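Please read these notes with the structure open beside you, and look up each residue as it is named.

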Amino acid sequence: MGDYQEREDDGLFRIGADIAAGPFNAIGKRGVRRKDGYEKVSGEAVYTRDVTLPGMLSARVLSSPYARARIIHMDTAKAQRLPGVRAVLRFDDAEVKGRRLNGSYCGPGWIYKDPAPWHMKPVHYVLGDESWYEGQPMGVAVAADTEDIAIQALKLIQIEWQELPFVLDPHAALKPDAPVLRPDAHSNLLEDPRQLLELGDVAKGFQAADTIIEFKARRRPHLWAGAEMPSVLARWRGANLEMWLHQQQPYHAKMLLAEWLNIPMSQIAVHSPYMGCSFGGRGNPADVSENGMNILATLLARKTRKPVKLLYDRRQTFFGESGDMMSAVFKVGAQKDGTITAVDIKCVFAVFMCTPGIEHFIDNTRIPNLRCEALTVDVSKGPAWWHRCEQLPNALCLTLVFDHVAAALGIDPIEVALKNDGYDGRDASHLSQYKKQHGFADRDSLKECSDAGRQAIGWEEKWHPPGTKKLPNGRMHGIAFTWDHAWDDVRGTGSAAVMIENDGTVSIIAQQTDLGVNPWTAYGQIVADELGVPLEDINFKPFTLDHGFALMSPDGSCNLCSNGYTVRKAARQAKKRLLELAAAKFGDVKPEDLDIEERRVYVKAEPARAKTIKEVTARAMPSFVSEGFWPEAPVIAWAWHCQGIFGESIATGRPRLCRQAHFMEIEVDTETGQIEIIKVVNVNDVGKAISPETVEGQMYGGTYMAVGRALTEELVWDPNTGVLLNRNLLDYKYATMNACGPIDTIYLETGLGHGPYGAVGVGEDCATVVPALISPAVYNAIGKWIDDFPITPDKVLKALGKA
C-alpha cells in the first residue's frame, strides 16, 4: 500500500498558493447532506449503550455516599446469593487489591516533562476501599443478568464506613491544619510545571503604566455536559479482548487497558459507535469514572466469561468538572491610550488546572510583560479534566483584563483590543511580516472581525457609559465586546487511508470517535475535490476499524486542520496511483497528462478521450481466488500528518493569525436581578469554511453552551457533608432554547489559517470565549463589576446593595 508521511514543518509555511487553490466543487458548498444526519435524526444510530450481545450481563459499581470515607467492613453474601447475580468483584479481591489506575501513556506528561506530572500519576485505585469525593466509584462492582438485578444487589451489600475529614475550598485546603487527601502526600498543593510562567519584567511594566487596575474573579465548577450516560461493553474471545467504548480517545483507552491488564495491544479490538456528546469528558486516563470503568468491565467479563456492559446512571454521570474551578487576583498596568504594559495574575485552581490563564496573552497580544502564578490544590471534589475546552481560563482572563482596562480608561474596548493585538510580546507589524514571508494575504483579521460585529449589533448607536441607559421597560441596557484568536491550526495528529473501490466509489478508512461536529462530511468534501469525484461517491467508515495506521484526532478543535491535511494527502496519493493505472490503460499517455472530473479520467489535451473511474479500477482488487480475473493492485493510499504539539504554537514558529470577535447585548432587571440576553453576535475568522453549515452550527450551539456557563451552570456541594446536591438535569441548569435571544453567526474567510486551504478550527471558540462576556455586559448595564461566574440574580442584587 505504501505510505505518505509529513511532519508539521514540511511545506506548511508555503501555503499561499494552497489558499488560492480552486475552483472548489464540494468544499465550501452549502446544502450538503451530513454523512451522519439520517441515522441520527431517524433514531437508527447505534450508541454504545444500544449494543447488545448474546448472553450479555449488566454491571454496576458502588458510588461512595460520603465526601471522604474508608470501608472498615463489607459483607457481600446477600448480594452474591441474589438470583441472577453472576459475579461480585470486591476491592480486596486479588485482581484489584492495591492496584491503582495507570496513565503513563497519555496526558500532559507528553509535553511538560518525563515522568508525567501529578495529574497523570496513578493515584486512584481501580476499585479502592477509600473515597475522597462523594460519588466516587469504589468498593464493589456487580455483574448480573439485568441492570435491575445489579442495582438490587448493590443495595443488599452491608458496609461499615469510617467517615474521614474532607475539605472543599482550595484556599482552606492549603492551610496547615487541613486534611491531606492524597495518599503519601505532604500537603494538598499539587505539582504542575506551569505553576509559574513569565515573559518580560512585570515590575518594569507597571513602572511604565499610567494607571494600575486591580480586581478579583472567580469561576465556579461546571459539568462536562455529556448527554449519553457513560457505558462500556467488554467481551473476551479466548485471550483476545473486544471492547465497545463510549470514549473520546478509544486508541488511548486501548493502550491503557493493555498496560493495566498486561496483555499485548494486538489482542485488543476497539469499536467506537456513535457517541451522544463528550466535550472531552470521556478521555481522562487518571479517572476511575473513565479509564477505571473500562478496566472493571474487562475484569467482570473475564470472571464470568460472558460479555459485560458496565453502565452509569444519570447521578453517576455528574463526576467531571471542566478544569477551571479557579479564583484569580489580577494586577494590570496600562497607559492612557489603552496600551497594556503589564499583566500579573495569581490563580488558585481546585483539583486540576487545564490552562493557567496567561497563555492567550502570549499567543495573541503585544503585551511585553506577563506573569502568572497558578497553584493547583486538591479538594474533596470529583476529577476535573479538559472538558468543554482547555482554553477556558485563558479566554476568561483575556476578556476580563481587556474589558477592565477599557472601562478604567473610558476607552472603547474594541480600540484597546486593536491597539494590543500581536503575539509573543510583539506588535501586529511582526504578524504582517510573517504573513508576507509565508504566502498569506496581509489582512488584519481582528479588525475585520470587529468591524463586521460592530455593524451587525449596531455598536456605534448602542454602546454607552456604564449604568446610564434605562429602557422604557424599566430594565438597564448593557452591551459588551470581547475577542481572542481562533484555534486550533497548529497541533494535532492523524492518519487515514483513501481507497478507490472497484466500482469507482471512494472509502475513507480511519477510526474516529463521533463528537457530533460533522467532521466526516467535511473530510468527504476535501477528498471529493482532491480526487475530482462527486461527494455522494465518498463514504467514511469510522466505527469498526481497529488499526493503528488509521486513526484521527477527535478533539481540541484541531479536527479539521490535522485530519483535513491527512485525508488530503491520502487523496492526492490515491489520485496519483489512479492516474498511473489509467495511463497504462490508455497506453500512449503519461500520468501527468491525465486528470479526473465527474467520475471520468480524461486526457487533458483531448478531454473527450476518457475512461470512467470504474473502468480503470475494475480489475484492481485487494484479493480474489484467481489473479486472472483481478490482477491489479488496489488503489489505496495511507497518510499520516502531525500539525504540531499541544501548547507549543509559538515554539513551532507558527503564530495564530485568525481572530474572533463577540458582542453581547443584555437587559438587567434591577428589582429581581434577572439578566436577559437580548442578542449575541459572533464573528469568527475560520480561514476557509470547508462546510459552511457546520461552521455556523458550531458557532450557534457553542453560544448556548456559553450562555449556560455565564448565567446558570454550577455544581453545588453541601459544605457540611461534602455531598454534591444537584446531580440531575432538573437542578443543574443547562441553557435551553429560551435562554438567549437571536444569535448572529458571521464567519470570515481570510485564508489566514495554517490548516488545509487556509482553514482554522472553530468548534470550541464561541463556547469558550463568550461566557466571560456577560461580566462586562452587566457592568455596562448597572455600573458594577461582577466577576463571579455564573452571574446569578442574587449576585446582581448584592452588587446593587439590595441583598
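1. For sorting linings, Ala, Val, Leu, Ile, Met, Phe, Trp, Tyr, Cys and Pro count as nonpolar, Asp, Glu, Lys and Arg count as charged, and the others, Gly among them, count as polar. The model is predicted, and local features need pLDDT of at least 70, side-chain atom pairs count only at pLDDT 80 or more, while totals for chains, interfaces and linings use all residues. Residues are numbered from 1 along each chain as its sequence is written, and side-chain values use heavy atoms, with hydrogens and water left out.

2. The structure holds five cavities of 30 Å³ or more, where a cavity is a set of points, on a 1 Å grid over the protein atoms alone, at which a 1.4 Å probe fits but cannot get out. Grid points are joined across faces, edges and corners, and a volume is the space filled by probe spheres set on the points. The second largest cavity has about 90 Å³ of space, and of the 13 residues that line it, F318, F319, G382, W717 and L724 are the closest to its centre; a lining residue has an atom within 4 Å of a point. This lining divides into seven nonpolar, two polar and four charged residues.

3. A pocket, in contrast to a cavity, is an open set of points with protein on both sides within 12 Å along at least five of seven lines. The second largest pocket has a volume of about 840 Å³, and its lining has 36 residues, of which A26, A528, D529, V533 and L535 are the closest to its centre. Two or more lining residues come from each of α17 (519-531), β23 (538-541), α18 (559-586) and β24 (594-597), where helices (H or I, at least four residues) and strands (E, at least two) are DSSP runs numbered from the N terminus.

4. Where does I295 lie, and is I295 buried or exposed? I295 lies in helix α9 (residues 288-304) and counts as buried, because its relative accessibility is 0%; buried means under 20% relative accessible area, exposed over 50%, and partly exposed in between, with a 1.4 Å probe and protein chains only. Helix α9 is largely enclosed by the rest of the structure, because 15 of its 17 residues are buried. Leaving aside neighbours within four places in sequence, I295 is in contact (heavy atoms within 4.5 Å) with L101, N102, V126, L257 and W260. Just after α9, R305 takes a positive phi of about 60 degrees.

5. A nonpolar core is a set of buried Ala, Val, Leu, Ile, Met, Phe, Trp, Tyr and Cys residues joined through side-chain atoms within 4.5 Å. The largest one has 78 residues, of which V343, I345, F361, V401, I666 and I774 touch the most other members, and helix α12 (residues 392-409) supplies its largest share, eight residues. Apart from this core lies another, of 46 residues, including W520, A522, Y523 and L560.

6. How many disulfides does the structure hold? The number is zero, a disulfide being a pair of cysteine sulfur atoms within 2.5 Å. For C347, the nearest cysteine sulfur is that of C372, 4.5 Å away, and C347 is buried, with a relative accessible area of 2%.
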